[in-house]
Amino acid sequence: MFDTISRLVNVFGPSGRENRVAEAITQMIRDKVDEVRTDAMGNLIAVKKGSGRKIMLAAHMDEIGLIVTTIDEKGFLRFGTVGGVVPLVALGQRVVFENDLTGVVWYEENMENMKDAKPDKMYIDIGARSREHAKELVETGDMAVFEGRPVERNGLVVSKALDDRIGCAVLVELARKCPETSNEIYYVFTTQEEVGLRGARTAAYAIRPDMAIAVDVTGTGDTPKSVARAVSLGEGPAIKVKDNSVIAHPAIREKLVECARENGIPYQLEVVDKGGTDAGSIHITAGGIPSGGVSIPTRFIHSTSETVDLKDAENAVRLLEAFVRL
Amino acid sequence: MTEHESILIGTLKKLTMLDGVSGDEKPVRDFITEKIRDRADSLHVDNIGNLIAFRKGTGMNKKVMLAAHMDEVGLLVTGINDNGLLKFKTVGGIEPRVLVGKRVRIGKDRVPGVIGYKPVHLQDASERKSPVKKSGLAIDIGAKDREQAEQSVAVGDTAAFDYDPVEFGNNKLMAKALDNRVGCAMLIELLGGRYPFDLYCCFTVQEEIGLKGAKAAAYAVEPDAAIILEGTTCYDLTGTDEHMVSTRLGDGPALTVMDRSVISDRGLFRFISRTAERLGIPWQVKSTVTGGTDAGRIQVSGRGVKVCTLSVPCRYIHTPVSVMDKRDFFHALKLAEETLAGLAGWLEGEGSVGEVGLGQNQPGGESDV
Amino acid sequence: MECRELLMKLCDINAVTGREDTAARVISGILSEYCDEVSVDKFYNVIGLKRGHGENPRNVLVTAHYDQIGLIVTGIDENGFLRFTSMGGVDPKVLAAQEVTVHGKKDLFGVIGSKPPHLIPPEDADKPVKMEDMLIDIGYDAQKARELVSVGDVVSFRFPVLELKNNRMAGRSMDNRSSVAALVEMLKELGRIRHRDNVYAVATVQEESGLVGAFMAAWNLKPDLAIAIDVCHGDMPDAPSDESFPLGKGVAIAVGPILSREHTRECIKLARRERIPYQIDAEEKDTGTEAAVYSSALEGIPTLLLSIPAKYMHTTVEVVSLDDIEATARLAARYIAFRDELEQEGDSDDRT
């Protein structure tokens with residue numbers, strides 16, 4: 001599992017630019033499924049055909065990042081955010097562009113209050129000497145993602161982009177296991193979730209599955225003075241009850257709980273106020289698609305050091321394997 | 001619960017369902033009068049409305065007063081707007097916050113009304129960030145204008161919370177006015193016994209608006225000692241700093257060392273707490289020094305009275321949904337009964353008032369105050 | 001069943017938004033008395049069909065959402081108290097000292113606690129209490145609480161319906177059970193008059209969490225005309241007069257960019273003709289109701305929005321007038337049945 005995760009998090013893929021991630025995933029599962037295709041939004045859809053029900057499993061390929069809006073005369077880059085980037089968390093981080101160029105994020109030092117740290121008072125330094133030099137290296141509209149190489153210690157993985165490459169890894173591992181079932185499984189690696197759950201909407205409209213499960217990350221409540229959440233690292237995948245974008249269909253939630261119990265898989269229940277997932281746009285597509293979620297407990301979401309427990313990811317694979325056999 | 005305990009709870013529930021906002025205690029007084037008529041040697045209602053029940057002693061020349069107030073916090077209609085809504089002020093200390101979205105009943109006819117609030121959709125950003133303001137609240141009885149409202153209610157009517165008691169959870173009882181129907185329920189029971197001393201059971205009025213009834217009752221009775229029976233604050237919810245908790249539900253009746261109105265008589269406090277220890281009755285000290293009770297007024301009346309307050313902890317006191325643990329109530333009653341049983345002895349000895357050096361400042365026993 | 005009784009029965013039903021599963025059957029039972037067919041879809045929308053008598057009947061969709069706002073358990077602490085957050089738009093200021101029902105393994109009575117004033121530090125005195133700082137007290141210790149309640153269980157407000165003066169009723173869930181009552185009364189009225197078109201009367205779900213049920217209703221039924229019934233703000237002393245409506249003055253007919261100008265105009269004409277009391281509710285944005293979904297669904301569906309004024313919306317003491325519910329029901333029924341007649345009568349006035 002760690003290898004799969006490592007490979008996936010290191011691929012460049014901010015919202016709208018997920019093609020490389022799609023390629024990497026295709027390599028991993030091409031020979032384990034019956035069909036692999038993409039659509040107009042860049043979603044990667046892998047199908048394991050079957051005669052039973054259509055089940056859609058969705059994990060998003062995109063990660064948050066920055067987009068260059070202006071290049072100033074000294075060669076510094078001004079930027080906007082792609083997805084929910086927390087400005088304070090971005091300070092001092094390294095970012096990397098598609099061409100492997102490295103930049104550093106910093107702020108206008110005359111800022112009175114750190115709370116004012118917003119993109120319009122921050123910039124990226126790519127070490128250019130001038131605007132012309134910078135233009136040889138990047139263009140406005142180019143995107144960059146954060147750096148944060150994956151590290152494993154004590155069964156915990158620390159890395160950038162676990163949101164949601166861990167979800168993708170879970171689906172890849174599941175596909176590789178070729179779960180035995182007569183149901184038709186759609187492994188959908190969606191695009192542009194971080195900017196509005198967009199890819200999932202069109203993928204679902206085309207597939208019209210009988211049900212859908214989004215595999216994403218969810219925050220934990222086990223760090224000092226954290227928001228009070230019932231989910232903790234290492235206690236099992238979290239079965240979604242509700243988030244900001246969807247109330248999980250009770251039948252799906254109950255079925256997931258049943259699968260967990262019958263197979264001795266540890267699980268937790270997820271109720272959050274803030275934060276949405278692909279299930280939010282899937283469930284109101286077409287005539288309505290019953291949807292739920294299996295989430296991987298993650299600390300420090302949207303930082304370069306997101307942290308998960310590998311056991312939770314492995315158990316998520318087991319849980320989904322049991323579910324798709326229904 | 002034993003059958004006797006069930007009956008006690010039944011009486012308590014009935015008491016809470018009566019309306020007796022300060023100044024309008026008659027329904028409660030009438031109910032209690034019927035209940036104790038056969039047990040008292042005499043009953044007397046004084047000019048302010050206190051109900052005083054007397055049990056003659058068997059010869060000791062001492063007077064003991066037990067007090068419990070009959071009134072509850074509520075609302076007073078202060079005006080009727082042109083649009084038919086009723087303006088009100090609170091009688092006793094009620095936080096505006098707890099009035100939002102509640103039902104009340106107004107006046108003798110118990111006219112139903114509700115206290116609404118501006119929907120969140122219509123609040124602007126600054127309103128959303130502000131706490132509930134009393135000035136934004138009014139009682140809505142459904143009248144479309146002042147004329148229609150005046151057919152049912154009048155300025156000066158009192159309104160009580162319209163909430164029925166519910167037994168729930170592990171031995172819990174929720175009801176409005178547990179402060180102080182718990183005290184009244186205990187007092188009704190305690191009236192049964194006969195003691196060496198003369199016993200005055202005083203069901204007082206107007207405690208919530210300044211301990212008024214107790215002042216008049218103490219003036220008339222001139223007791224040597226008084227035990228005040230009450231419902232008291234309890235904020236043992238998670239996250240409260242330990243020193244702010246006051247009392248804990250389930251830890252037994254609470255004895256007051258000090259509140260804003262009184263410092264309990266040390267000797268009487270010790271006598272009651274030792275009685276509890278001796279008999280294995282759980283008890284606790286009220287650990288905050290806020291609030292006030294009839295004890296304050298009684299202590300400083302006439303030539304002075306030795307007082308102590310014995311309370312049942314109530315969560316969410318002064319709201320429509322106050323909650324108590326039934327076991328605290330039963331323990332409080334038992335403690336009061338046992339205290340009375342030994343009180344004559346105490347009054348002769350340690351509790352007697354006389355030369356300096358006798359009674360109050362008697363050393364001996366651990367310093368538990 | 002008379003309207004007052006119907007409203008009380010409807011308000012008694014617990015259906016916190018997203019958990020309409022248990023209530024769907026009861027709603028289905030109520031609708032089936034007045035419909036030719038009733039079905040419940042995967043999301044628990046209850047769909048009643050009353051067939052029209054005409055040739056080439058068109059399909060009219062009339063919806064009223066039956067979900068209500070509530071709370072959801074997010075944690076059980078070491079003392080047995082429950083932490084919670086909201087389901088739908090709940091104002092924290094309405095929560096102190098409220099009675100609730102926790103729908104755990106069984107229905108449990110609970111109380112939302114509040115901090116006594118003397119425990120509020122001076123710097124917080126002018127801030128409202130936050131939901132994260134509130135707890136539900138069900139009177140059990142942690143072990144028992146965890147047996148009976150789990151994270152994700154929903155909580156509804158416990159509040160009986162009160163009969164006030166003037167044919168007004170107060171209680172929780174007038175948003176939107178008063179509209180469901182109007183829907184049923186409309187069906188009763190349709191049973192008394194001949195109507196050409198098929199009427200799909202749908203009690204929808206999850207309006208409070210994103211108008212979800214409406215998406216399904218529009219997609220699956222593909223109507224020619226959609227009528228949404230909801231509540232609008234009743235008048236209050238400090239509410240803006242162009243956003244709130246007096247009770248007892250009739251159904252509020254919405255006018256604005258997303259509502260069908262033609263149907264709105266005809267509907268007002270009909271109200272006048274039938275002497276049904278009405279008011280005009282000017283909506284410059286998308287109304288925030290199911291009408292917003294219908295107007296741009298599929299290829300666009302001509303939409304009407306009829307609202308019942310409700311005071312103190314989203315509190316436990318929402319107040320409505322039975323007269324307004326009846327006016328809404330009659331207007332909806334008669335517009336469906338008689339709108340073609342109006343077309344024949346011709347427009348003498350083009351402006352509403």
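Guide: A crossing of two helices is right-handed if the near helix is turned clockwise from the far one by less than a right angle, and left-handed if anticlockwise. This is a predicted model: local features need pLDDT of at least 70, side-chain atom pairs count only at pLDDT 80 or more, and totals for chains, interfaces and linings use all residues. Residues are numbered from 1 along each chain as its sequence is written, while chains are lettered from A and ligands numbered from 1 in the order written.

Visitor: How is a pair of packed helices described?

Guide: By the angle between their axes and the distance between the axes.

Visitor: What is the hand of the crossing where helix 1 of chain B passes helix 5 of chain B?

Guide: Right-handed.

Visitor: Which residues of helix 1 of chain B meet helix 5 of chain B?

Guide: L8(B), T11(B), L12(B), L15(B) and T16(B) (C-beta atoms, placed from the backbone, within 7 Å). Their partners in helix 5 of chain B include L178(B), R181(B) and I188(B).

Visitor: What is the strand order in the open sheet of chain C?

Guide: The order is 10-11-17, with antiparallel pairing (at least two DSSP bridges; strands are E runs of at least two residues). Strands 10 (162-163) and 17 (318-321) of chain C stand at the edges, each with a single partner strand, so one side of each is left without a neighbour in the sheet. Four bridges join strand 11 (residues 168-171) of chain C to strand 17 of chain C. G171(C) stands opposite E318(C).

How values were computed
Two residues are in contact if their C-beta atoms, placed from the backbone, lie within 7 Å.
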